[in-house]
Amino acid sequence: MEDKDYPNAHKKILASIQYPQIGEAGKTGTWRTMRPLIHEDKCIVVKTGTHNCHLCWLYCPEGVVSRTIPPTIDYDYCKGCGICANECPHDAIERMEEGGAKACPA
Amino acid sequence: MFKPVKIMDLPEEEMILPGTRLCPSCAPQLAYRFILKALGPKTIVTVPASCMTVVHGMQGATPVKVPVLNTTFETVAASASGIVASLKNLGKDKEVTVLAIAGDGGTVDIGIQGLSGAAERNTDMIYCCYDNEAYMNTGIQRSGSTPFGAITTTTPINGKLEHKKNMGMIMEAHGLSYIATACASYPQDLYAKFVKAKEMKGQGLRYIHVLAPCPPGWGFDNKLTIEIGRLAVKTGFWPMYEIIHGKMELSKESKRLVDPTKRKPLEEYLTPQRRFRKLNPSQLQEIKKYVNDTWETINKRVSC
Ligand SMILES: Cc1ncc(C[n+]2csc(CCOP(=O)(O)OP(=O)(O)O)c2C)c(N)n1
Ligand code: SF4
Ligand code: SF4
Ligand SMILES: [Mg+2]
């Protein structure tokens with residue numbers, strides 16, 4: 001969205017105007033030093049085929065983990081904080097050094 | 001009381017688009033994520049200078065999908081009052097929720113006169129203080145909400161000498177219809193409280209105080225944000241309750257803590273945080289006493 005979508009906004013608002021946009025701070029995935037990796041063989045929603053967990057979706061401050069089966073992570077914006085790995089009750093999320101030999105390709 | 005909310009019952013749509021400029025693992029961002037899920041698209045937010053301003057982005061773009069007004073540090077409640085007045089003027093006050101969301105500095109210190117005025121007028125808004133227990137956006141200065149013993153850049157030697165202001169009780173003295181405390185580590189509880197505050201539209205100012213851990217300000221590893229908030233609750237340091245028309249009710253996570261033996265040792269909460277690294281035994285004793293006193297007051301209220 002931009003100014004042209006709100007043709008009269010400038011007449012009503014005497015201040016700078018901002019419009020919703022993904023990646024406002026850029027690709028914040030580049031901030032990451034540790035990459036969370038979901039091991040589907042250990043994830044309980046994959047194993048049971050039911051939506052009976054999704055704690056990784058719940059606790060992610062950035063909202064980049066999906067509430068799907070299997071859960072997926074948007075690596076373009078995941079900042080790598082590690083909350084998901086720490087909170088997963090089934091140890092299904094491993095953290096790997098970004099760019100290291102062990103890291104998997106993007 | 002409300003029924004526990006299931007994860008699958010929470011709205012899936014994100015009101016904050018990813019790629020914000022807040023720190024990784026920011027609990028205020030997590031809290032805001034669920035606040036906006038609870039309030040929905042028909043919400044107008046107003047926010048004073050704080051880390052919460054930062055989430056709304058720089059020139060031209062913002063990650064947040066609802067209309068937001070950035071305002072000056074001391075004026076969030078006044079600006080919310082103005083928004084409510086103009087909505088009334090437009091005949092839209094019944095359908096739109098107005099949320100004033102400010103940090104602890106913007107609430108318990110510089111913003112308190114505006115908040116007290118709005119509470120006295122009982123203006124129809126939700127006021128949320130997200131409490132990261134210091135002025136974080138400007139580099140960790142102590143606020144009236146910083147706990148006793150915490151090291152900040154303005155309390156570098158012995159830690160803070162005073163306890164946290166009890167904002168829930170200050171707001172209760174204004175005779176509000178709804179007051180609640182919550183914690184970012186319990187998103188479902190937090191969500192339910194904001195849904196309730198939204199449903200109480202027309203009943204004046206509803207006040208919710210959310211404890212929200214800040215990894216750089218408190219000094220703990222990013223991955224521990226949820227755990228630290230949980231420990232604040234489980235040790236009894238942060239009691240979660242609602243006060244509805246003057247009646248206090250403890251929230252599910254805090255209910256059992258009326259029994260002191262059910263509280264986790266306070267050290268489990270304090271030791272992982274570098275801001276408490278200089279605590280000496282007598283300071284630790286003082287914090288324990290503070291927690292016990294807090295609970296004695298609560299116990300008297302909920303048992304009668
Ligand atoms: C009148 C005024 N004084 C000082 C400042 C500088 N300032 C901007 S944000 C901030 C700290 C806000 O602290 P808090 O409300 O706790 O929010 P947090 O940054 O911790 O999220 C300060 C002191 C200002 N913007 N306006
Ligand atoms: S927290 Fe772990 S088990 Fe639960 S959905 Fe996420 S990856 Fe699967
Ligand atoms: S300083 Fe603390 S409150 Fe501010 S953005 Fe960073 S984690 Fe969030
Ligand atoms: Mg603060």
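Analyst: Buried means under 20% relative accessible area, exposed means over 50%, and partly exposed lies in between (1.4 Å probe, protein chains only). This is a predicted model, in which local features need pLDDT of at least 70, side-chain atom pairs count only at pLDDT 80 or more, and totals for chains, interfaces and linings use all residues. Residues are numbered from 1 along each chain as its sequence is written, chains are lettered from A and ligands numbered from 1 in the order written, and side-chain values use heavy atoms, with hydrogens and water left out.

User: Why is Leu87(B) called buried?

Analyst: Its relative accessibility is 8%. The cut-off is under 20%, so Leu87(B) counts as buried. Leu87(B) sits in helix 3 of chain B. Helices (H or I, at least four residues) and strands (E, at least two) are DSSP runs, numbered from the N terminus.

User: Which residues does Leu87(B) touch, not counting residues up to four places away in sequence?

Analyst: Ile44(B), Lys92(B), Asp93(B), Val96(B) and Val98(B). A contact means heavy atoms within 4.5 Å. Leu87(B) and Val98(B) are 11 residues apart in sequence, and their C-alpha atoms are 9.4 Å apart.

User: What makes Tyr269(B) buried?

Analyst: Tyr269(B) has 0% relative accessibility, and therefore counts as buried. It lies in helix 11 (residues 266-270) of chain B. Beyond four places in sequence, Tyr269(B) contacts Glu133(B), Trp218(B), Ile228(B), Leu231(B), Ala232(B), Thr235(B), Phe237(B) and Arg275(B). Arg230(B) is 39 residues away from Tyr269(B) in sequence and 8.8 Å away in space, C-alpha to C-alpha.

User: What coordinates the magnesium ion (ligand 4)?

Analyst: Asp104(B) through OD, Asn132(B) through OD1 and Ala134(B) through O, at 2.0 to 2.1 Å. Donors are N, O and S atoms within 2.8 Å of the metal (3.2 Å for Na, K and Ca). Those distances are within 2.8 Å, so these atoms count as donors. Water is not among the atoms, so sites may look incomplete. Along the sequence, the donor residues follow the spacing D-x27-N-x1-A.

User: How do you know whether Asn132(B) and Ala134(B) are buried or exposed?

Analyst: Asn132(B) has 3% relative accessibility, so it counts as buried. Ala134(B) also has 3%, so Ala134(B) is buried.

User: What is the class make-up of the shell around ligand 2?

Analyst: It has 9 nonpolar, 2 polar and no charged residues. The residues around ligand 2 include Cys43(A), Cys53(A), His54(A), Cys56(A), Cys88(A) and His90(A).

User: What makes Ser25(B) stand out in its phi?

Analyst: Ser25(B) is not a glycine, yet its phi is positive, about 70°. Most residues other than glycine have a negative phi, and most peptide bonds are trans. Ser25(B) lies in the segment before helix 1 (27-39) of chain B. Its relative accessibility is 3%, so Ser25(B) counts as buried.

User: Why is His245(B) called exposed?

Analyst: At 54% relative accessibility, His245(B) is over the 50% cut-off, and therefore counts as exposed. His245(B) also has a positive phi, about 45°, although it is not a glycine. It lies in the loop between strand 8 (241-244) and strand 9 (247-250) of chain B.

User: What is the peptide bond from Ile69(A) to Pro70(A), cis or trans?

Analyst: It is cis, with omega near -10°. Pro70(A) is in the loop between helix 3 (55-59) and helix 4 (83-87) of chain A.

User: How many helices and strands does chain A have?

Analyst: Chain A has 4 helices and 3 strands. From the N terminus, their order is α-β-β-α-α-α-β. Chain A has 106 residues, and 42% of them are buried.

Key. Near = heavy atom within 4 Å. Nonpolar A, V, L, I, M, F, W, Y, C, P; charged D, E, K, R; others polar.
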